[in-house]
Amino acid sequence: MRCRWVTIMLSIVGMVAVPVMRAEGAEPAAQLRDQIERLERAGRRSATVPLYARLLQLAPDDSVAVHGYAGALREQQRYDLIADLMTDWTRQRPHDFQAHVVLGNALLRLNRLQKAMDTFQKALDHGPPLAARFRVVADQYRAAGYHREAIHFLEQSREVLSQPRLFAWELAQAYLRTGATGPAVEALAHTYLSHPDRYPLVHTRILELLRHEDAIPEVLQTLDHVLERYEDDPAAARLGLLAAISWLEAGRPEAGLERLTRMAVRSEVAALLCNYAAHCAEKGHRAVAAQSYGLCAERSDDTDQRHRAVLEQAGLFEQLGEPHSAADLYRQLVRDRPDHPLTRQAQVHLARLQLYELGDAAAARDMLQEVVDREDEDRLVLLARELLAEASLRQNDLEAAVMHLDQAAVMAPDTAFASHFRRAEIYLLLGRIDSTSRQLEELLTRNPGHALANDALELLWLCDTLGNQAEATERYTAALLADRQGRTEQAKLDWQWLEANASPQVRQMALFHRARTHLEQADPATARELFSRLVEEHPRSPYRVPAQLAVAALLEQADDTAAALKELENALLTAPEHAHAPEIRLSIQRLREGRNTPIQSRP
């Protein structure tokens, strides 16, 4: 061996001439080590190669020198010399694990894969079975891009050490690199089971896999197998959520909920059901979200969690157009825990439903009064006062409505414009045109850029148009009030009188208002008829173009694209300089190109 080393070293020494101090005709090892240290500190490790060669002539059994020499050769990418050096060294020192690693790495770089595999295996066989050793070997392969070989040693570590979840994260990354979807998903699941704090990372990786359509079946199948194995394990509860969200991402929210509810751990799964419900709601699956919140409420031992789940479920029923189901849940909350902090929220929601959906203004008013009677001054009470104003109006108690709006304005100066605008509306309903005009002028003077400024201008224009027309004013305000109070037959009579007897300006305003009201009441057919009458009967009306836009939008909603396009073309032809002209041109272009983006129109 010594002769072989001398041959290697002399080949290196002959390459570089390095001046060294000699003592009595020989280089002391200490002096060489000092020179090597100075060069390494200066970042010139490559220049230490000939010094290490000389040092090993003097001290061939110096382990530190051998490994330093290998490191210096690595700087020069002389993997062939490293392989020769470490082959001789490890032959006599089979238990030098690090030397085997250096040799194996050099063989990998030389593409001598089988020899490298044998070397690494020998390194593991000649020492204690430690997880850290397997990690070092796998890291060599991963760094060199040989992920299948890294998997071999990582899986071997599990078998040798009898730890089936060992190196789960490292295995997941390696399997992902090789395109092995199923094993990667299983390893990710084991990553979570070993390190629960890594759940967000595991979740992200699985969602990334689900973006590849061809991987979806294997991801879902593997997660199902993992769930079957661990569904009774309390530590695995969040795997149920992971599987559920994966099925949700695949467009199967019901299947996701079924897998989550299969988990046996009661309290933990209750929280996860709420979590899943939020994901479903975000994706637009409101019915499954409502079901999931309901299950959460049934399983939860936590009062706050249960109440929040019921509150969320009721809100989803509202969005699904099921006001009676929502109202029942709100009543349940109010009845079961009248003193719970969430009860006031349920009361306000219930009152809003009673007011706008169930037609029970009296019940809404009583419920809201309970909320405001408490000595709290928060956003919930503010909302309750605003709803109380509407409930009072619908019960024909307009003075009380004004009082509640004034109190709301005092509570929240930042929303005072809206409160004062609504107060101006009530003044109009009371027939107090002058007071309405003054209120609106003050608002527009103080804040002309407010979001409600255009509505205020429109109302001010109505006041100016009604002017001194006493009977028309009485009929118009009566019709408005009857509409707000749900007295549709009385409102219809007053609108008909205005169409027959009022001035043209008042008639067109009445038509426009009625059309918008029917639109808000989800009666598109009547709304379209009224908008069309306005266009036909009042061709010079300032409301003509907004009415035509509304008609076009309704026609497109009815899938009559050709008629919608014609309506828009007529609008542009008659008013090419109108403020809505750019919007009309874009809508015409879109319809001609067949793009399916609905007309945005607020008449």
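Reader: At what angle do α20 and α22 pack, and how far apart are their axes?

Author: In this predicted model, α20 and α22 pack at an angle of about 25°, with their axes 10 Å apart. Axes here are lines fitted to C-alpha atoms, for helices over the stretch in contact, and angles run from 0 to 180 degrees between N-to-C directions. That makes α20 roughly parallel to α22 (angles under 35 degrees count as roughly parallel, over 145 as roughly antiparallel, 65 to 115 as roughly perpendicular and the rest as oblique).

Reader: What about the handedness of that crossing?

Author: α20 passes α22 in a left-handed crossing. A crossing is left-handed if the near helix is turned anticlockwise from the far one by less than a right angle, and right-handed if clockwise.

Reader: Which residues make the contact?

Author: From α20, Arg344, Gln345, Val348, Arg352, Leu355 and Tyr356. From α22, Leu380, Val381, Leu383, Ala384, Leu387, Glu390, Ala391 and Arg394. Contact means heavy atoms within 4.5 Å. The residues of the contact of α20 with α22 divide into nine nonpolar, one polar and four charged. Ala, Val, Leu, Ile, Met, Phe, Trp, Tyr, Cys and Pro count as nonpolar, Asp, Glu, Lys and Arg as charged, and the others, Gly among them, as polar.

Reader: Move to α21. How many residues, and what reach?

Author: Helix α21 covers residues 361-373, so to speak 13 residues by the DSSP runs. From its first C-alpha to its last it reaches 18 Å, close to the 18 Å expected at 1.5 Å a residue. The expected span is 1.5 Å times one less than the number of residues.

Reader: Which α21 residues are buried?

Author: Ala361, Ala364, Arg365, Met367, Leu368, Val371 and Val372. Buried means under 20% relative accessible area, exposed over 50%, partly exposed in between (1.4 Å probe, protein chains only).

Reader: What do they pack against?

Author: The buried residues of α21 pack against α20 (343-356), α22 (379-394) and α23 (398-411).

Reader: Next, α10 and α11. What angle?

Author: Helix α10 (residues 168-178) and helix α11 (residues 181-194) pack at about 160°, with their axes 8 Å apart. That makes α10 roughly antiparallel to α11. α10 passes α11 in a left-handed crossing.

Reader: Which residues touch there?

Author: On the α10 side, Ala168, Trp169, Leu171, Ala172, Tyr175 and Leu176. On the α11 side, Pro183, Ala184, Ala187, Leu188, His190 and Thr191. By class, the contact of α10 with α11 has ten nonpolar, two polar and no charged residues.

Reader: Phenylalanine 167: where is it, and is it buried or exposed?

Author: Phenylalanine 167 is in the loop between α9 (147-161) and α10. It is buried, with a relative accessible area of 5%. Its phi is positive, about 55°, although it is not a glycine.

Reader: And glutamine 77?

Author: Glutamine 77 has a positive phi of about 55° and is not a glycine. It lies in the loop between α4 (63-75) and α5 (79-92). At 58% relative accessibility, glutamine 77 counts as exposed.

Reader: Now α31 and α32. How do they pack?

Author: Helix α31 (residues 544-557) and helix α32 (residues 561-574) pack at about 165°, with axes 8 Å apart. They are therefore roughly antiparallel to each other. α31 passes α32 in a left-handed crossing. By class, that contact has eight nonpolar, three polar and three charged residues.

Reader: What about alanine 562?

Author: Alanine 562 is in helix α32. It is exposed, with a relative accessible area of 59%. Its C-alpha and that of leucine 591, 29 residues apart along the chain, are separated by 8.4 Å.

Reader: Last one. What does histidine 203 touch?

Author: Leu242, Ile245 and His279, not counting residues up to four places away in sequence. Histidine 203 lies in helix α12 (residues 199-210) and is buried, at 15% relative accessible area.

How values were computed:
Residues numbered from 1 in each chain as written. Predicted model: local features only at pLDDT ≥ 70, side-chain atom pairs only at ≥ 80, totals over all residues. Heavy atoms only, no water. Helix = DSSP H or I, 4+ residues; strand = E, 2+ residues; numbered from the N terminus.
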